[in-house]
Amino acid sequence: MNLDAFLQHVKDIERDAVVEIPNCRTVDALRALEARHVKAPLAEGLKQLKTLPAEARAEAGKALNEAKQRLTQRFDAAIDDLKQRLIADERAVAATYDPTIPGPVVPRGALHPVTAVQWEVERVMTGLGFTVVGGPEMETDFHNFEALNIPATHPARDTMDTFWLTNGWLLRTHTSPCQVRAMLTYGAPLRVIAPGRCFRYETIDASHENTFFQVEGLLIDHGISIAHLIAVMRLLLRELFQRDVKVRLRPGFFPFVEPGFELDMSCEICAGTGCPTCKQSGWVEILPCGMVHPNVLRYGNIDPHEFTGFAFGLGLTRLAMMKYGIADIRILNSGDLRGIVPQNRLTGPQIGGCSVRKNPA
Ligand code: PHE
């Protein structure tokens with residue numbers, strides 16, 4: 001290499017390094033650039049110095065040294081400058097941060113309306129000496145139908161459109177199979193309630209869901225009559241609504257009770273004037289009930305000559321709708337939280353966006 005070429009090479013090193021400086025956003029990036037574009041090539045230049053003719057070395061060495069000094073200063077200044085800028089940026093951010101601004105309000109959770117009414121029912125019924133029991137959601141034909149006096153050929157099966165499972169079991173269509181399980185497990189006398197999820201192969205609309213909740217009630221003892229049934233049902237509804245609710249009792253047919261009743265309550269959505277939720281009737285079927293059929297007692301290994309009992313199947317989903325003024329059943333399974341106003345646990349959930357109309361007391 002001759003002197004001119006060497007001097008040009010030193011100039012190139014300097015130029016390459018300098019053009020890159022403004023692109024560095026951090027001190028580390030600047031240091032890396034300095035190592036790559038300054039220190040390494042200059043060290044290389046020092047080696048090449050020896051290849052130059054002896055008389056050219058002094059000038060070449062001087063040029064190299066000066067370039068090194070200029071570049072070192074350039075980088076030191078750039079690093080200082082960048083540090084100052086970073087500090088200034090931090091200060092600017094700090095100046096806009098106000099620690100006294102209240103944080104975002106995190107909405108508090110609330111119970112699902114069905115859970116809230118379920119707990120209410122449990123509170124009232126356990127107060128009357130009932131025990132809370134459960135049962136599987138996947139049931140056998142025997143527990144869901146057969147032992148409830150609904151044999152395979154019985155037309156009542158048609159009223160409970162059933163999800164049959166490939167293993168021959170089914171998704172329980174009501175909580176009544178819990179009656180059978182409780183009788184077989186505990187015998188008589190017996191006082192149980194069994195809340196739980198039920199399934200029917202239904203077309204979904206404002207008042208029908210394929211997945212809904214019931215709470216079964218069963219009381220078996222010596223000398224139990226319809227008078228006991230009505231008294232307990234009245235008390236339950238009065239406690240749940242904290243006032244006397246307008247009810248009507250109609251004969252109802254369920255193979256597992258005799259006699260059977262439909263206990264309807266005045267629709268809370270429209271105050272009994274008629275709306276889609278109550279199918280314009282002003283009444284909502286909420287509490288089917290009746291005296292336990294002797295055959296059912298027999299299936300439960302209980303002697304119908306010694307014991308009698310009553311059973312009811314309270315529609316928890318319907319009850320939640322009535323209690324919180326929810327006009328559309330689909331909201332309850334949707335997981336859509338819009339419009340739900342979280343509230344104190346003690347007072348239970350409140351559903352906004354749905355009209356809550358109070359009946360005259
Ligand atoms: N299991 C019945 C149903 O879901 C309701 C019911 C329960 C009726 C207990 C009478 C007694 O339709």
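## Helix H1

Asn2 caps the N-terminal end of H1, placing a side-chain oxygen 3.2 Å from the backbone nitrogen of Asp4. The model is predicted: local features need pLDDT of at least 70, side-chain atom pairs count only at pLDDT 80 or more, and totals for chains, interfaces and linings use all residues. Residues are numbered from 1 along each chain as its sequence is written, and side-chain values use heavy atoms, leaving out hydrogens and water.

H1 covers residues 3–20, 18 residues in total. Helices are DSSP runs of H or I with at least four residues, strands are E runs with at least two, and both are numbered from the N terminus. From first C-alpha to last, H1 reaches 27 Å, close to the 26 Å expected at 1.5 Å a residue. That expected span is 1.5 Å times one less than the number of residues.

Leu3, Phe6, Val10, Ile13, Glu14, Ala17 and Val18 of H1 are buried. Seen down the helix axis, the buried residues of H1 fall within an arc of 120 degrees, so they line one face. The arc is taken from the directions from the axis to the C-beta atoms. On the other side, Asp4, Lys11 and Val19 are exposed. Buried means under 20% relative accessible area, exposed over 50%, and partly exposed in between (1.4 Å probe, protein chains only). The buried residues of H1 pack against helices H2 (27–49) and H3 (54–96). Contact means heavy atoms within 4.5 Å.

## Strand S5

S5 (residues 211–221) is largely enclosed by the rest of the structure, because 10 of its 11 residues are buried. S4 (residues 190–199) runs antiparallel to S5, joined by 10 bridges. S9 (residues 308–315) also pairs with S5 in the antiparallel sense, over 8 bridges. Pairing requires at least two DSSP bridges between two strands.

## Ligand site

The ligand is surrounded by 14 residues, and the closest are His174, Ser176, Arg200, Gln214 and Gly313. A residue counts as near if one of its heavy atoms lies within 4 Å.

The side chain of His174 has an N or O atom 2.8 Å from a ligand nitrogen. A polar side-chain atom of Arg200 lies 3.0 Å from a ligand oxygen. For Gln214, a side-chain N or O atom is 2.9 Å from a ligand oxygen.

## Thr173

Thr173 sits in the loop between strand S3 (170–171) and helix H6 (177–186). Thr173 is buried, with a relative accessible area of 0%. Its contacts include Asn144, Phe145, Arg200 and Phe212. The C-alpha atoms of Thr173 and Asn144 are 7.2 Å apart, although 29 residues separate them along the chain.

Key: A polar contact is a pair of N or O atoms within 3.5 Å; within protein, one must be able to donate a hydrogen and the other to accept it, and residues adjacent in sequence count only if both atoms are side-chain atoms. Lists of a residue's contacts leave out its neighbours within four places in sequence.
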